[in-house]
Amino acid sequence: MYPELAHHFYKYIHRIGKCKNKHIPLSTFRMQCEKILSMLDDAVIIETYVRMFSMETDENNMTPDGLRNMLYTSYKLSMDHYPEGPQTCLMINQTLSAVVDGCFNKKDVHSVGFVVRWLEEHCHRIIFPVHRYCVHLLATRHRDMEAHVESRGAGAGLELATPVLERGGAARGSALLPVSAAWLLAAAAPPRYSRPAAPPAPSAGWLVARLVCAVPSHWTPLYSSSDQGLAANRFLHHTLAYRGPTVVLARGGPLLVALCCPAEWRDSHCYWGDADCALLQLLPTFSLIERAPKMIYLNTSIRGYPKGLRAGSDPRRPALAIAEGFDSFTFNGAPYSLDSIEVWGCGDQASRETQLEIKKWQIREAEKQRQVKLSAADWMEHPDRYLLELAGRPQYNNSAS
């Protein structure tokens with residue numbers, strides 16, 4: 001099903017096994033496969049697959065095409081094993097180009113060591129779907145190879161942790177988060193955003209699946225400026241009270257940035273957030289800008305402090321600063337016009353249901369406040385009566401007394 005992966009896998013085993021002809025002896029193949037099955041260290045896994053897709057003439061160097069082929073293999077595996085069925089994305093070339101350009105920066109070749117270090121720093125989990133798939137096939141598929149060939153490997157019993165994007169309502173016309181961008185975000189953001197809080201109930205083969213796979217989460221749209229309007233109060237109305245991690249996407253011209261918030265949003269004059277806060281640039285080139293605790297700031301009402309939304313560990317020079325009016329922002333010191341913004345909830349379904357229940361309660365309380373009936377005694381001490389007297393209406397509604 002994946003001839004590109006099969007070609008590089010075979011060439012890698014042939015090269016590392018120091019085979020003298022075009023064939024691989026069975027003992028050599030078994031020994032090298034056992035090494036791959038036993039790999040547990042993340043750095044070793046990344047280096048193995050980077051070398052697998054390196055230049056055939058020089059295993060110590062890698063070209064942009066080699067990195068693109070490796071990334072596309074990971075993407076294709078994830079999309080073919082998407083929980084809701086195989087997916088395609090028209091934006092995949094743009095997404096892959098952003099990652100390749102971010103790594104190579106217009107250079108023709110990089111050492112394997114450089115590429116490994118860059119992937120470890122910016123998106124270290126992006127290679128894991130390839131490794132999980134190889135481990136899954138080497139460990140299980142030999143038992144029913146004939147049935148696998150007949151079914152063309154449909155499903156393969158494998159899930160690879162790409163978040164399921166719920167496309168109802170505001171997300172139906174979403175342009176900021178295609179499925180290829182969600183795949184990239186899930187690989188670059190902390191694991192909290194791509195895994196549900198509670199695991200599924202154990203079932204047959206569940207333990208093996210947990211060893212080689214990851215169960216994906218469902219990302220639900222909370223706010224889209226194209227549908228609900230671009231303003232700070234719209235952002236607050238649709239985002240507050242969601243008690244789970246969220247991803248905020250902001251676009252200005254060719255620039256697209258993502259802010260990963262690990263907890264419920266709050267209006268405060270202090271920076272907050274734990275170690276899973278992260279700021280990423282998705283377009284035009286991909287890069288993990290910063291990941292640190294206490295780097296998120298949102299203030300829309302407290303006087304004497306800067307207004308707007310900010311992200312960065314240095315309060316004096318935040319990497320991202322959205323203006324109070326949500327009409328412009330600065331990123332790494334460069335100004336941009338804020339064209340659109342989206343917020344996606346990355347928690348479980350209970351987080352979304354809790355937020356909706358809180359909003360319903362707020363609406364009911366507001367309706368009760370509108371229909372309050374005051375007695376004559378309550379009106380005599382009510383603050384509104386004194387305001388009316390200050391405005392020149394001392395006998396307002398008081399003629400009967």
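Buried, in this talk, means under 20% relative accessible area, exposed means over 50%, and partly exposed is in between, with a 1.4 Å probe and protein chains only. By that cut-off Y223 is buried, at 1% relative accessibility.

Now the ground rules. This is a predicted model, with local features needing pLDDT of at least 70, side-chain atom pairs counting only at pLDDT 80 or more, and totals for chains, interfaces and linings using all residues. Residues are numbered from 1 along each chain as its sequence is written, and side-chain values use heavy atoms, leaving out hydrogens and water.

Helices (H or I, at least four residues) and strands (E, at least two) are DSSP runs, numbered from the N terminus.

Start with the ring pairs. Phe, Tyr and Trp rings (six-membered ring for Trp) pair if their centres lie within 6.5 Å; planes under 30 degrees apart are stacked, over 60 edge-to-face, the rest tilted. The structure holds 10 aromatic pairs. In one of them, Y72 and Y75 have ring centres 5.9 Å apart and planes at 40°, so the pair is tilted. Both lie in helix 4 (residues 64-80), three residues apart, about one turn of the helix. Y72 is partly exposed at 37%. Y75 is buried at 4%.

Next, Y223 and F235. Their ring centres are 6.1 Å apart and the planes are at 90°, so this pair is edge-to-face. Y223 lies in strand 4 and F235 in helix 12 (residues 232-239), so the pair ties together parts 12 residues apart in sequence. F235 is buried too, with a relative accessible area of 1%. Ring pairs also link Y223 and F235 with W265, W272 and F326 into a cluster.

On to strand 14 (residues 340-345). Six of its six residues are buried, so the strand is largely enclosed by the rest of the structure. S340, E342 and W344 point one way; I341, V343 and G345 point the other.

What does strand 14 pair with? Two strands pair if DSSP finds at least two bridges between them. Strand 4 (residues 218-224) runs antiparallel to strand 14, joined by four bridges. There, S224 is partnered with E342. Strand 5 (residues 246-252) also pairs with strand 14 in the antiparallel sense, over six bridges. V247 has W344 as its bridge partner.

Last, the cores. A nonpolar core is a set of buried Ala, Val, Leu, Ile, Met, Phe, Trp, Tyr and Cys residues joined through side-chain atoms within 4.5 Å. The largest has 72 residues, and Y49, L119, W219, L249 and F286 touch the most other members. Helix 9 (residues 179-188) gives the most, with eight residues. A second, separate core of 31 residues includes A250, L279, L309 and F326.
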